[in-house]
Amino acid sequence: MTSVVGWLLDLYADEREGVVLWWIAKDGQRLRLHQSFEVKFSASGSPDRLRAAWRWLKNQPIPVQLGRDQGRDLFIHDPVTLLTIQSSSPTDHHRLFSLFSKEFPDLDYYDADVELSIRHAAKYGTFPLACCSVDYNPDNMEIRNIEPLDSAWSLDPSPPPLRVMTLEPDLDPLHEIPENVVVSIEKKQYLFPLSAKRPLMINLQAVLRRYDPDILLTNWGDTWLLPLLLKISRETHLPLSLNRDTWRGILHKKDKSYFSYGQIVYKGEQLHLFGRCHLDMSNSFLLRDCGLDGVLETARVTTLPLQMTARTSPGTGISSMQTLVAIRNSILVPWHKQQAERLKTALDLLHDDQGGMIYQPITGVHTHVGEIDFVSMYPSIMVRCNISPETPAPTFLGSDYPPGLIPLTLKPLLEKRVEMKRALGKMAHWDPRYDRYSAASSAYKALLVTCFGYLGYRNARFGRIESHEAVTKWGREALLMAKETAEDMGYEVLHMYVDGLWIKKEGVSQPDQFAPLLDEISSRTGLPISLDGVYNWVAFLPSKRDPRIPVPNRYFGCFQDGSIKIRGVEARRRDTAPFIKETQLELLDLLSGCTSPEQIQQLLPNAENLVEKKALQLRKRQVPLDQLVVRQRISRDLSGYKSPPPAARALKQLNSVGKTKKPGQSIKFLFVNSKDGVFAWDLPYKASPEMISVIVYEKLLRRAANSILSPFIKNTLPLFDSPISRK
DNA sequence: TACAGTCGGGG
DNA sequence: GTGTACGACTGTA
């Protein structure tokens with residue numbers, strides 16, 4: 001028997017060995033161990049059907065152990081009688097469940113589709129990069145015992161000595177033709193020409209062997225680079241050991257488009273490795289937004305393998321956390337079948353209108369305004385009021401009922417994030433923990449927010465619309481209490497939006513002056529609230545269709561520390577060209593130091609000069625083309641468009657040269673003087689400055705400038721706004 | 001004018 | 001294999 005202390009890198013099922021676990025040992029070894037792992041699921045239904053199921057299971061060839069048990073279904077009051085089915089390995093379980101559930105589609109299944117890593121976490125307390133003490137038999141590398149020395153909730157776990165290698169083409173393969181593969185290891189870089197195929201393979205294989213990375217960080221690795229390298233490897237018959245588990249194939253997952261948050265999203269194809277983790281920066285929002293630290297910190301709390309964590313949505317993450325808590329608390333995990341969405345009833349529509357509290361702002365420019373926001377409002381409410389599918393409707397001050405599944409899941413995450421945020425506030429930027437804390441804090445925020453959304457999602461395993469409504473109800477309640485408190489203390493409330501208030505009081509302009517109000521709101525509502533900042537000035541815009549009507553989420557302003565906040569206007573939209581966005585930001589920057597409307601008035605001529613200068617650059621065609629690129633999402637197949645918008649016309653051009661985009665992918669294009677009015681950016685031939693439609697861009701420029709300047713220009717109608725026509 | 005299409009969130 | 005809202009805004013017919 002050998003004992004080793006190390007960090008868990010990866011875990012996956014194996015046909016013969018049960019579960020394979022890769023460890024980074026303290027002494028630097030990379031260890032491949034395995035462990036037999038039994039998997040149990042259960043079914044409930046009428047006694048007749050369960051008897052029939054028992055007979056069927058007895059007469060099929062996959063070995064099983066059957067039993068009877070009782071269990072707790074969160075949505076059923078009484079204990080449920082269960083037929084339990086235990087397989088001796090994860091692969092047996094998969095095969096058996098897929099056959100069995102087809103044979104008996106009328107049964108209710110539990111614990112049937114739980115990710116292997118979650119089952120392992122529930123049984124042994126493991127999670128990605130958990131530091132553990134492992135006993136194993138050195139003769140056959142079989143694990144005898146795993147003892148976690150680490151908790152997912154600790155702020156500063158012992159850091160694993162990860163070896164990271166970056167692999168990327170030198171140019172964006174969607175836009176240009178890359179010539180080299182760039183390999184980066186720590187501070188070193190290597191450049192291998194793509195055209196010299198044999199040397200490329202030999203060199204790559206050599207670095208992979210020599211450095212033996214744990215993490216292979218790529219750009220376009222899923223969708224372009226690794227498929228290409230594997231193809232070259234086949235053509236040249238030269239080996240390329242991307243996997244550590246060398247005899248294994250690489251797992252390809254197909255691309256797909258799906259609906260989420262009311263829109264189509266596209267997820268590119270994926271390549272998963274074994275024994276080593278492939279993370280594609282271009283195919284992972286989490287990796288792009290929160291970096292490698294964000295992925296590692298998310299994997300620790302969700303217990304999903306690193307390669308999966310990087311590529312899934314926060315919804316999958318929070319759902320995994322709920323599943324783990326359920327198993328640990330002996331709550332059955334209902335099988336999540338993909339059921340057709342039923343149509344909404346009139347009642348549902350009525351309910352949907354009862355979301356967050358939204359108020360109409362007082363339009364125009366206001367100075368010395370404080371913005372206060374509840375901290376993680378919805379998750380805090382779920383924890384404080386014990387809102388969960390199985391808990392009774394709460395009163396505002398919580399319930400006597402024991403904590404439900406959702407609060408049990410959220411509480412440690414919420415507390416870890418609050419602690420990290422608190423530490424960040426006092427920490428220097430050069431502190432080695434700073435980046436990791438920031439990454440974790442924004443990754444956790446997404447998990448927390450999504451948990452609320454999932455309560456209202458019909459297909460979620462642990463959702464219940466009444467719970468969702470209870471959260472928004474208490475949210476509105478808390479916001480109204482905050483408003484009353486502010487008014488009681490002499491503030492004017494200019495605007496409210498879901499979890500934030502914009503308030504003003506004569507003589508109050510320093511951050512610490514807001515403290516008594518914040519304390520009072522916290523004590524009245526029981527929810528944490530903090531000052532987002534004090535604006536030098538903030539402008540709430542009216543509707544463009546009717547200037548008498550305020551709109552809740554179009555505003556911008558400058559804080560005392562010089563930072564700028566913008567919502568709803570062009571610069572916030574991803575379909576705004578960089579040049580236009582830049583202009584808006586420069587205009588705001590120009591006005592940011594002002595503390596009175598008079599000062600702003602004085603600077604207006606400068607602002608207008610800036611706009612004219614930009615317009616002149618456009619007319620002289622001096623603006624770099626990449627600054628004029630517009631990006632829009634394709635929502636359907638080309639044939640689905642009745643009046644093709646610019647993005648669809650650009651896609652048509654790409655199609656004509658054999659390139660394609662699927663619904664959910666975005667496409668880049670320029671506005672030009674041609675029949676289509678657009679020119680796709682990723683065509684093999686390049687656009688030239690003469691093609692650009694100066695008219696279109698100048699209108700976009702003036703419209704954007706107008707969004708910023710109109711609140712300051714008295715008694716003038718917007719001068720420059722008119723529809724943009726093609727040509 | 002009616003209809004069709006896109007975006008928003010946070011950091 | 002995970003939020004099919006909803007309102008503002010813009011372009012096209």
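The entries below go from domains to single residues, then to a sheet and the DNA.

**Entry 1: domains**

I reminded myself at the start that this is a predicted model. I then looked up how chain A is divided, and the domain assignment gives domain 1 (164–313) and domain 2 (355–568). I checked the spacing next: the centres of the two domains, taken over C-alpha atoms, are separated by 38 Å. For the contact between them I found nine residues from domain 1 and seven residues from domain 2. I also asked what kinds of residue domain 1 brings to the side that touches domain 2. That side divides into three nonpolar, three polar and three charged residues.

**Entry 2: helix H10**

I picked helix H10 (residues 377–384) and asked how many of its residues are buried. The count is eight of eight, so I noted the helix as mostly covered. For the record, the buried residues are Met377, Tyr378, Pro379, Ser380, Ile381, Met382, Val383 and Arg384.

Which elements do they pack against? I wrote down strand E19 (364–374), helix H11 (405–426), helix H12 (434–455) and helix H13 (465–488). I also looked just past the end of H10, where Asn386 takes a positive phi of about 55°.

**Entry 3: Ser467**

I moved on to Ser467, which lies in helix H13. Is Ser467 buried or exposed? It counts as buried because it has 23 C-beta neighbours inside 10 Å, and the cut-off for buried is 20 or more.

I then listed what Ser467 touches, leaving out residues up to four places away in sequence: Ile387, Ser388, Pro389 and Leu455. As a distance check I took Lys662, which is 195 residues from Ser467 in sequence. In space the two are 36 Å apart, C-alpha to C-alpha.

**Entry 4: positive phi at two residues**

I went looking for positive phi in residues other than glycine and stopped at Leu129, where phi is near 70°. I placed Leu129 in the loop between helix H3 (116–124) and strand E8 (131–137). Leu129 is buried, because 23 other C-beta atoms lie within 10 Å of its own.

Trp220 was my next stop, with a positive phi of about 55° although it is not a glycine. I found Trp220 in the loop between strand E13 (215–218) and helix H5 (221–236). Trp220 counts as buried too, because it has 22 C-beta neighbours inside 10 Å.

**Entry 5: a three-stranded sheet**

I traced an open sheet of three strands in the order E25-E26-E27, and the pairing is antiparallel. Which strands are at the edges? They are strand E25 (630–633) and strand E27 (678–680), each of which pairs on one side only. I noted that neighbouring strands here are turned by 45° against each other on average, direction ignored.

Looking at one pair in detail, I saw that E25 and strand E26 (residues 666–671) are joined over four bridges in the antiparallel sense. I followed Gln632 across and found that its bridge partner in E26 is Ile667.

**Entry 6: DNA strand B**

Last, I asked which residues come nearest to DNA strand B. Of the 20 residues around it, they are Arg573, Arg574, Arg633, Ser635 and Tyr641. I sorted the surface near DNA strand B by residue kind as well, and it divides into four nonpolar, eight polar and eight charged residues.

Definitions and conventions:
Residues numbered from 1 in each chain as written. Chains lettered and ligands numbered in written order. Predicted model: local features only at pLDDT ≥ 70, side-chain atom pairs only at ≥ 80, totals over all residues. Buried ≥ 20, exposed ≤ 12 C-beta atoms within 10 Å, placed from the backbone. Domains from an automatic or database assignment. Contact = placed C-beta atoms within 7 Å. Nonpolar A, V, L, I, M, F, W, Y, C, P; charged D, E, K, R; others polar. Near = placed C-beta within 6 Å. Pairing = 2+ DSSP bridges. Axes fitted to C-alpha atoms, helices over the stretch in contact; angles between N-to-C directions.
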